[in-house]
Amino acid sequence: MPTEPLSQKEIEDRLRELPGWSHEGDRIARTYRLGTHFAAAALVVHVARIQDELDHHSDLTLGYNTVNLTVNTHSAGGAVTEKDFELAARVESVAPSHGAA
């Protein structure tokens with residue numbers, strides 16, 4: 001069954017639960033800052049595992065000491081859905097263990 005796009009209000013309400021995340025165009029996004037490049041790379045690997053578990057993948061960019069995620073749901077025409085917030089919440093739950101801010 002396809003996932004339904006969230007309304008603008010639903011997105012805004014859900015973002016209140018995820019400090020640091022924003023709504024950018026047709027995606028939700030966050031940049032994490034970490035202490036070292038190695039810590040950033042480790043977070044990328046952890047996020048990749050979560051994405052595989054959920055079978056839902058974001059655009060993930062590794063910088064020197066940053067990790068940037070942008071996510072929407074391709075099967076919903078590129079809209080933001082509950083699946084995106086599930087992924088964001090899972091990432092939020094592991095990011096502190098990598099020293100992410």
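Leaving aside neighbours within four places in sequence, which residues is leucine 43 in contact with? They are Tyr32, Leu34, Val67, Val94, Ala95, His98 and Ala100. Contact means heavy atoms within 4.5 Å.

## The model

This is a predicted model, where local features need pLDDT of at least 70, side-chain atom pairs count only at pLDDT 80 or more, and totals for chains, interfaces and linings use all residues. Residues are numbered from 1 along each chain as its sequence is written, and side-chain values use heavy atoms, leaving out hydrogens and water.

## Helix 2

Helix 2 has 18 residues, which should span 26 Å at 1.5 Å a residue. Its end C-alpha atoms are 26 Å apart, which agrees. Its buried residues (under 20% relative accessible area, 1.4 Å probe, protein chains only) are Ala39, Ala40, Leu43, Val44, Val47, Ile50 and Gln51. They cover an arc of only 145° around the axis, so they lie on the same side of helix 2. The arc is taken from the directions from the helix axis to the C-beta atoms.

On the other side, Phe38, Val45, Arg49 and Asp52 are exposed, meaning over 50%. Just after helix 2, aspartate 55 takes a positive phi of about 50°.

## Helix 3

The buried residues of helix 3 are Asp84, Phe85, Leu87, Ala88, Val91, Glu92 and Val94. They pack against helix 1 (8-15), strand 2 (27-33), helix 2 (37-54) and strand 4 (66-71).

## The core

The largest nonpolar core has 25 residues. Trp21, Ile28, Tyr32, Leu34, Leu43 and Phe85 touch the most other members. Helix 2 gives the most to this core, with six residues.

Technical notes. Helices (H or I, at least four residues) and strands (E, at least two) are DSSP runs, numbered from the N terminus. A nonpolar core is a set of buried Ala, Val, Leu, Ile, Met, Phe, Trp, Tyr and Cys residues joined through side-chain atoms within 4.5 Å. The expected span of a helix is 1.5 Å times one less than its number of residues.
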